[in-house]
Amino acid sequence: MKALAIDCASRKMAVGAKNGDAFVTITLEGASIQSKQLLPAIDFALKSVELSPAELEFSTLCAGPGTFTGLRIAFSALKALTLSHGIPIFQVPTLFSYAKPFFSEAETVISVIDAKKDQFFVSIYKNGTEIFPVSDTTPEKIVAFLKENASAGKIFALGPSAPQFSQILNRIEPNFLVKVPKFLPPTTDALLEIAAELKKNGESPLNDYDGPVYIRASEAELSLAK
């Protein structure tokens, strides 16, 4: 496999490159630095595994939900590679990429990103099947859903906002024990695995006109609607 993966859906940016057995991931914290650091990070990752952009078999990224700016930056970077070298892009739902590595570790898995304004982007999986579709919602609504749909077994919270979210859930409903795994692998691991499977199964890569998946209107759109 010769591939590149990017996750810019949150404040924690990850860039991973794989060339056969050689693999590297770079993780940087801070949404404000993504526009300046993404291209240098891509260049460093590719050079670290001795790959040139033209040698890539495919690229992949978190498609959303996530931060508006981060998602746009990631799409722009990979589409530039597509225009220059014809590299296909496979998009993966952000919350699915966080959750999938832990489907065999816990019956119920909550994947979450802080959406600000006391809201979170959340999806919930039970035994690997999505039971709560990606939503812009509140911790209180998630607790109510878990009471109706989750058993007393282990519940994992995953994603960059998992520690914060699990604390809120456990405070609202102490009878639930929502845990964050001690080790969270880089998102790029799951992105590369999922994208490779999509490519193997003949799934279509990103079209030229495809863009990020947003489930909340931007501040500009909200202002225009007023």
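Biologist: Which residue stands opposite isoleucine 155 in strand 9?

Modeller: Threonine 108 stands opposite isoleucine 155 in strand 9. This is a predicted model, in which local features need pLDDT of at least 70 and side-chain atom pairs count only at pLDDT 80 or more, while totals for chains, interfaces and linings use all residues. Residues are numbered from 1 along each chain as its sequence is written, and side-chain values use heavy atoms, with hydrogens and water left out.

Biologist: In what sense do strand 6 and strand 9 pair, parallel or antiparallel?

Modeller: Two strands pair if DSSP finds at least two bridges between them. Strands (E, at least two residues) and helices (H or I, at least four) are DSSP runs, numbered from the N terminus. Strand 6 and strand 9 (residues 155-158) pair in the parallel sense over four bridges. With strand 7, strand 6 pairs in the antiparallel sense over eight bridges; there, isoleucine 113 has phenylalanine 121 of strand 7 as its bridge partner.

Biologist: How many residues of strand 6 are buried?

Modeller: Buried means under 20% relative accessible area, exposed over 50%, and partly exposed in between (1.4 Å probe, protein chains only). In strand 6, seven of the nine residues are buried, so the strand is largely enclosed by the rest of the structure.

Biologist: What is the phi of lysine 117?

Modeller: Most residues other than glycine have a negative phi, and most peptide bonds are trans. Lysine 117 has a positive phi of about 55 degrees although it is not a glycine. The hairpin of strand 6 and strand 7, where lysine 117 takes this phi, has two residues between the strands. Lysine 117 is exposed, at a relative accessible area of 56%. Asparagine 127, also not a glycine, has a positive phi of about 50 degrees and is in the loop between strand 7 and strand 8 (129-137).

Biologist: Which residues does a cis peptide bond join?

Modeller: Glycine 64 and proline 65 are joined by a cis peptide bond, with omega about 5 degrees. Proline 65 lies in the loop between strand 4 (58-62) and helix 2.

Biologist: What should helix 1 span, and which of its residues are buried?

Modeller: An α-helix has 3.6 residues a turn, so residues three or four places apart point the same way. The buried residues of helix 1 are Gln34, Leu38, Ala41, Ile42, Ala45 and Leu46.
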